[in-house]
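Here is a short briefing to read with the model open beside you.

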Amino acid sequence: MIDFLKILAIFGLIILLLRLKWNLGIVMLIASLILGILFKMSALHIIKSSLNGIIEPSTINLALALTLILIFENILRKTETLKKMMSSLSGLVRDSRIIMASMPALIGLLPSAGGAVFSAPMVDEASSSLNISRERKAFINYWFRHPWEYVLPLYPGIVLSSVIIGVPIWKLSLMQAPLTLGFILTGILWGFRGVGFSIHTQKEGSKTSLLISLIPVTSVILMVLVFKIELSLALGIAIIGLWIFHRYKPKDIVITLKDGVSLNIILLVIGVMVFKAILKESGAVATLPDFFGRYGLPTTLIISLLPFIAGLLTGLTVGFVGITFPMIIHLLGNNPPVQLMVFAFGFGYVGVLLSPVHLCLILTRDYFHADLGAIYRRMTIPVLILLFIALGIRLF
């Protein structure tokens, strides 16, 4: 009981500091130190465990991959590749409903914070000939911005999850694909139910321009998910290709690399991996299975509620993964079934979607001047379906 209360206190401290806008990496380092102290690790043991977590190959690979994602996103943004992609598509497609869904979905191909605000004007413009409420517009913009985080290797959440679980990204993406499919289908059903066909008028788009603009993102996806190439190598190839295609000068390359190095990302990786190492060495969760068994708490309930609550309170995928996945891994034992972790990810991400501090939700509501309660009501059935899909993956 005492060990459980200690872990609960650390979990509460993490959430409190994150609500106070502290950096996630720093918060995890503080939590690691307190964890070691509460479970009576010596100073030398804490230091050695922390260093082992930092120099572990998976830590270095994770930091490199996340840095390359930032560089890749920076290049696509500065070269207006995504803008060209959206312009070409909107000129080729005539159905306003497809335009409304595809604009936020295209923005969602890149992990930009608050990206929904960029697609909101496009959704608004595409819906100008449709008689739909502000809340429905807000739902469509918000919902279709977020289906890719289950499967797309450009998102830090799935990259971090892959490293903590210890499975290749392609395998994790494949197992979580039903969640993305369910996400899109529920968005269509609850976003466009009762909305008829309407012609979207815009100048003709170029198929060639659309295909060219899609190459960078699709090439990374194919390399990782189809050809099983390591994410860092795939991103490196794509980045070099973009430098060549856009004729970057040496000074531009240096600027791009400089912009891509983020202290926050490095701190995030170090904090999470040190926390994972201390959690293992302290034996903090070794007694938890007996505790849950004594009080009749099923494992399924624990591994669903922990990430859901963390996602709801932080509004961040890397938040719930970094905070709860090390605990869940040690609770389930080494090499747990991947479907259990996919189940946990599914519940955690629903928490993120429903979080009142999720930046995309805040910006979307503000842009459309929509009622937040009405947006939540429209999301109720879709998120319940996502939870059932996650449960189905866990059972089968």
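Phenylalanine 308 touches Phe347, Gly348, Val350, Gly351 and Leu354, leaving aside residues up to four places away in sequence; contact here means heavy atoms within 4.5 Å. This is a predicted model, in which local features need pLDDT of at least 70 and side-chain atom pairs count only at pLDDT 80 or more, while totals for chains, interfaces and linings use all residues. Residues are numbered from 1 along each chain as its sequence is written, and side-chain values use heavy atoms, with hydrogens and water left out.

**Around phenylalanine 308**
- Phenylalanine 308 lies in helix α16; helices (H or I, at least four residues) and strands (E, at least two) are DSSP runs, numbered from the N terminus.
- Phenylalanine 308 is partly exposed, with a relative accessible area of 22%; buried means under 20%, exposed over 50%, and partly exposed in between (1.4 Å probe, protein chains only).
- The C-alpha atoms of phenylalanine 308 and valine 254 are separated by 40 Å, and these residues are 54 apart along the chain.

**Helix α9, an enclosed helix**
- Ten of the ten residues of helix α9 (residues 156-165) are buried, so the rest of the structure largely encloses it.
- Among these buried residues are Pro156, Ile158, Leu160 and Val163.
- They pack against α4, α10 (169-192), α12, α14, α17 and α18 (338-354).
- Just after α9, glycine 166 takes a positive phi of about 85°.

**Threonine 317**
- Helix α17 (residues 317-332) holds threonine 317.
- Is threonine 317 buried or exposed? Threonine 317 is buried, with a relative accessible area of 5%.
- Threonine 317 touches Glu149, Gly157, Phe345, Tyr349 and Val352, again not counting residues up to four places away in sequence.

- In α3, the buried residues are Ile46, Ser49, Ser50 and Gly53.
- Seen down the axis of α3, these buried residues fall within an arc of 100°, so they line one face of the helix; the arc is that of the directions from the helix axis to the C-beta atoms.
- An α-helix has 3.6 residues a turn, so residues three or four places apart point the same way.
- Cover for the buried residues of α3 includes α2 (24-38), α4 (57-78) and α14 (263-282).
- Leu44, Lys48 and Ile55 are exposed on the other side of α3.

**Loops with a positive phi**
- Most residues other than glycine have a negative phi.
- Lysine 228 has a phi near 60°, a positive value in a residue other than glycine.
- Lysine 228 sits in the loop between α11 (207-226) and α12 (231-245), and lysine 228 is partly exposed, with a relative accessible area of 41%.
- Histidine 369 has a positive phi of about 55° although it is not a glycine.
- Histidine 369 is in the loop between α19 (359-368) and α20 (372-395), where histidine 369 is exposed, with a relative accessible area of 59%.
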